[in-house]
Amino acid sequence: TAFDQLLAALPGWAGLVGVEGFSTRVALAYRTERLHPVAVEHLFADDPDRFPRPVLVVTFELDGAVGTTQFTVAVVHLKAMTDAASFDRRRRAVAALQIWMYQRRLAGTGDIIIVGDWNDDVDDPRGANIFDPFFTFEEHYALWTTPAAAAGQISYLPFGGRLIDHLVAARTIELHLPPDE
């Protein structure tokens, strides 16, 4: 109801809501002037351990000055809390997202952005960072919130303030596949 009220107050905006998980759902609001959803998916709905809230994936057509292109936005809300088991669940979720993202890029599905509440810090030390799969293959990914973390910006006020909401994008590069054997 609150999301519907928000959209009603924003002329030219529409929204999509994911399927329920852990009594909540992720959602995505977008401008209708140039963005047109062409496909909606719900990833990992059968995996509440890694994904207590299924991932909402929307592929858009974007009408631009040079024509129409497609890109995909995935919305996440990973497991919260600071205990070791919750960290492990987030770490395994990020590994699955990195694999999904890479496979989509190999399939030539266009640009991909994952946004949302990752419930973790992007600037944790390597080896103890849920984002390690993206850092390991950083030539393929851009963690766009890394500069904000380095600048001390926050998105979550309790516990002294932390930046736990992030945006990860697949880099627009040519992916080299091994030759067919």
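Arginine 53 is buried, because its relative accessible area is 6% and the cut-off for buried is under 20%. The model is predicted. Start at this residue and work outward.

Arginine 53 sits in the loop that links E3 and E4. Which residues does arginine 53 touch, beyond those up to four places away in sequence? They are Gly21, Phe22, Thr24, His77, Leu78, Lys79 and Ala80. The backbone oxygen of histidine 77 is 3.0 Å from a polar atom of the arginine 53 side chain. For the backbone oxygen of leucine 78, the distance to a polar atom of that side chain is 3.1 Å. Arginine 31 is another matter. It lies 22 residues from arginine 53 in sequence, and the two C-alpha atoms are 24 Å apart in space.

Now turn to the sheet. Its six strands run in the order E3-E4-E5-E6-E8-E7. The sheet is open, and its pairing is mixed. Strand E3 (35-43) and strand E7 (141-143) form the edges, each pairing on one side only. From one strand to the next, the twist averages 20°.

E7 and strand E8 (residues 165-170) run antiparallel, joined by three bridges. Leucine 143 has valine 168 in E8 as its bridge partner.

Methods. Residues are numbered from 1 along each chain as its sequence is written. This is a predicted model: local features need pLDDT of at least 70, side-chain atom pairs count only at pLDDT 80 or more; totals for chains, interfaces and linings use all residues. Side-chain values use heavy atoms; hydrogens and water are left out. Two strands pair if DSSP finds at least two bridges between them. Helices (H or I, at least four residues) and strands (E, at least two) are DSSP runs, numbered from the N terminus. Axes are lines fitted to C-alpha atoms, for helices over the stretch in contact, and angles run from 0 to 180 degrees between N-to-C directions. Buried means under 20% relative accessible area, exposed over 50%, partly exposed in between (1.4 Å probe, protein chains only). Contact means heavy atoms within 4.5 Å. A polar contact is a pair of N or O atoms within 3.5 Å; within protein, one must be able to donate a hydrogen and the other to accept it, and residues adjacent in sequence count only if both atoms are side-chain atoms.
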